[in-house]
Amino acid sequence: MSRAFSTITFTPAVRAAQEQYGSRQRNILFEEDPQERNEITEREQAFIPDIDTFFMSSVGANGWPYVQHRGGPKGFLKILDEHTLGFADYTGNRQYISAGNLMHDDRVMLIVMDFAHRRRLKIWGRARIIHDADEPQLLARLHTLAYRARVERGYIITVQALDFNCPQHITARYTADEFAAMNTTKEPQ
């Protein structure tokens, strides 16, 4: 059984590039790994609730990729079950590029970032949009009540594959709250 992400990503052209650049033998190990890695495990369950930002890619009907930043309070990306994630889509610039792309092709990829700890989780999935008129209870599960932004719709993502990625070139960055916590010192007694 191969890892789900290598099945999705190691196309014949990618395998040829791996061969050309000398990494094919090492990457075969991903294909031979007995863990499928297509469900949310304890490792992802410990990681995702602390995240406040990720990037989501989609593909337009013209074949061009599109990547959009998604942000919110920690925990805005919700784990619904071992195969499903969701998030509330808050009012933004109203271009609806991701929403329109999903009308053509439901495939998405998320790069979920924890800059402070230099960690990155890649998630491939199939997404669908939900609306309050059709699925109010599910949309309510996605909203973070303390976050004062208007929810326009929700995204439900069925996980197809996931993989934690090498932290080698992730620059540590900190939120204002993380920075303040790092610089808090105890007063002498």
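Tutor: Over residues 40–141 the chain is 20% helix and 44% strand, with the end C-alpha atoms 18 Å apart. Helices (H or I, at least four residues) and strands (E, at least two) are DSSP runs, numbered from the N terminus. This is a predicted model, in which local features need pLDDT of at least 70 and side-chain atom pairs count only at pLDDT 80 or more, while totals for chains, interfaces and linings use all residues. Residues are numbered from 1 along each chain as its sequence is written, and side-chain values use heavy atoms, with hydrogens and water left out.

Student: What feature does UniProt place at residues 40–141?

Tutor: The unreviewed UniProt entry gives "domain: Pyridoxamine 5'-phosphate oxidase N-terminal" for residues 40–141. UniProt positions are in the numbering used here, feature names are shortened, and annotations may be inferred rather than shown by experiment.

Student: How many helices and strands does the protein have, and what pattern does it follow along the sequence?

Tutor: There are 7 helices and 7 strands. Read along the sequence, their pattern is α-α-α-α-β-β-β-β-α-β-β-α-β-α.

Student: Into which domains is the protein divided?

Tutor: Domain 1 covers 1–36 and domain 2 covers 38–169; such bounds come from an automatic or database domain assignment. The contact between them takes 6 residues from domain 1 and 5 residues from domain 2, where contact means heavy atoms within 4.5 Å. Their centres, taken over C-alpha atoms, are separated by 25 Å.

Student: Why is Gly-72 called buried?

Tutor: Buried means under 20% relative accessible area, exposed over 50%, and partly exposed in between (1.4 Å probe, protein chains only). Gly-72 has a relative accessible area of 17%, so this residue counts as buried. Gly-72 lies in the loop between strand E2 (65–71) and strand E3 (78–81). Beyond its neighbours within four places in sequence, Gly-72 is in contact with Asp-52 and Tyr-147.

Student: Why is Ala-116 called buried, and where is its place?

Tutor: With a relative accessible area of 16%, Ala-116 falls under the cut-off and is therefore buried. The residue sits in the loop between strand E5 (107–114) and strand E6 (119–130). Leaving aside neighbours within four places in sequence, Ala-116 is in contact with Ala-172, Arg-173, Tyr-174 and Glu-178.

Student: Why does Tyr-96 count as partly exposed?

Tutor: The relative accessibility of Tyr-96 is 33%, so the residue counts as partly exposed. Tyr-96 is found in the loop between E4 and H5.

Student: How many residues does the protein have, and what percentage count as buried?

Tutor: The protein has 189 residues, of which 39% count as buried. Among contacts with a separation of 6 or more, 71% are accounted for by residues 24 or more positions apart.

Student: What are the spans of the C-alpha trace along its principal axes?

Tutor: Along those axes the C-alpha trace spans about 55 × 55 × 30 Å.
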